[in-house]
Amino acid sequence: MMMRGVLPLISARSVAHAWPGSDAVITLDDFELAPAQRLFLHGPSGCGKSTVLGLLSGVLATQMGDVRILGTSLATLRSRARDRFRAHHIGYIFQQFNLLPFLTPVENVLLGCAWSAERSRRAGATRSLMTAEATRLLRALGLGEAIWTRARTGELSVGQQQRVAAARALIGGPELLLADEPTSALDTSSRDAFLRLLLEECERHGTGVVFVSHDLALAAHFEHSLALGRAAPGMWES
Ligand SMILES: Nc1ncnc2c1ncn2[C@@H]1O[C@H](COP(=O)(O)OP(=O)(O)OP(=O)(O)O)[C@@H](O)[C@H]1O
Ligand SMILES: [Mg+2]
């Protein structure tokens, strides 16, 4: 799967995480994802999918094992440096979105490059060009102008907020997109259309993807697939 001489986008070695008060250990054995590759991560509710995304992003510190993103071991970074690293390289669609409800959709999308000069540059560098890019992304992800010009984000439907969260994660072309059940609020036809648009946007910038879902019908859109919560968690299926 890896090309010679190319640094893996993600490299995880013997990662294990136990939440306080829980006997269950969430494990992610040796796995690598090459730049611009797409991984579908699935498993039943509660098996640890969101926890794994937290570990891959450095939002959660690893208790055991090593996660490297583009060759940088997240455990070697102090908390602020880890936050900065994430802002530069990772777009994250959180399961609960983490949008600011009182801001407009465009303002929320712009937050995606607020802490990264590199992503700001790639999004156009000036406020007006970045705003144009934010609106392009919202439109590309299927959110009509009538919605995002007037509403505060907290007034949008859950499915519309998912699109805002996706645009925020994608602005400035991060190397890695972590998407936690980003289609959960959508009906089947909007789900397929949205997923196609999301993956098209990733291709524009060569963004690699870890996409979490319990919906196996979506696996066909991804080059690789990984099941959590089975007998041999962390092993590649394909
Ligand atoms: N902040 C937390 N504190 C303590 N335990 C937690 C915390 N977050 C998750 N857990 C526990 O870790 C396990 C895995 O949770 P996680 O949210 O990673 O699962 P998931 O696969 O994403 O589930 P779902 O499909 O429902 O989103 C669960 O048993 C959960 O109770
Ligand atoms: Mg989850």
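Axes are lines fitted to C-alpha atoms, for helices over the stretch in contact, and the angle between two axes runs from 0 to 180 degrees between N-to-C directions. The structure described here is a predicted model.

In this model, helix α7 (residues 158-170) packs with helix α8 at an angle of about 10°, the axes being 11 Å apart. Angles under 35 degrees count as roughly parallel, and α7 is therefore roughly parallel to α8. On the side of α7, the contact is made by Gln162, Arg163, Ala166 and Leu170, while α8 contributes Ser190, Phe194, Leu198, Glu201 and Cys202. By class, the residues of this contact comprise five nonpolar, two polar and two charged.

Helix α8 (residues 188-205) also meets helix α5 (residues 127-140); the two axes come within 10 Å and cross at roughly 140°. Helices α5 and α8 are therefore oblique to each other, since an angle counts as roughly antiparallel over 145 degrees. Arg136, Leu137 and Ala140 of α5 make this contact with Leu197, Glu201 and Arg204 of α8. Three of the residues of the contact of α5 with α8 are nonpolar and three are charged, with no polar residue present. Glu201 of α8 takes part in the contact with α5 and also in the contact with α7.

The surroundings of ligand 1 were examined next. Ligand 1 is surrounded by Trp19, Ile26, Pro44, Ser45, Gly46, Cys47, Gly48, Lys49, Ser50, Thr51, Gln95 and Glu181. This shell divides into four nonpolar, six polar and two charged residues. Helix α1 (residues 49-57) gives the most to the shell, with three residues.

Several polar contacts involve oxygen atoms of ligand 1. An N or O atom in the side chain of Ser45 is 2.6 Å from an oxygen atom of the ligand, and a polar side-chain atom of Thr51 likewise lies 2.6 Å from a ligand oxygen atom. In the case of Gly48, a polar backbone atom is 3.0 Å from an oxygen atom of ligand 1.

Definitions and conventions:
Residues are numbered from 1 along each chain as its sequence is written. Chains are lettered from A and ligands numbered from 1 in the order in which they are written. This is a predicted model: local features need pLDDT of at least 70, side-chain atom pairs count only at pLDDT 80 or more; totals for chains, interfaces and linings use all residues. Side-chain values use heavy atoms; hydrogens and water are left out. A residue is near a molecule or strand if one of its heavy atoms lies within 4 Å of it. A polar contact is a pair of N or O atoms within 3.5 Å; within protein, one must be able to donate a hydrogen and the other to accept it, and residues adjacent in sequence count only if both atoms are side-chain atoms. Helices (H or I, at least four residues) and strands (E, at least two) are DSSP runs, numbered from the N terminus. Ala, Val, Leu, Ile, Met, Phe, Trp, Tyr, Cys and Pro count as nonpolar, Asp, Glu, Lys and Arg as charged, and the others, Gly among them, as polar. Angles under 35 degrees count as roughly parallel, over 145 as roughly antiparallel, 65 to 115 as roughly perpendicular and the rest as oblique. Contact means heavy atoms within 4.5 Å.
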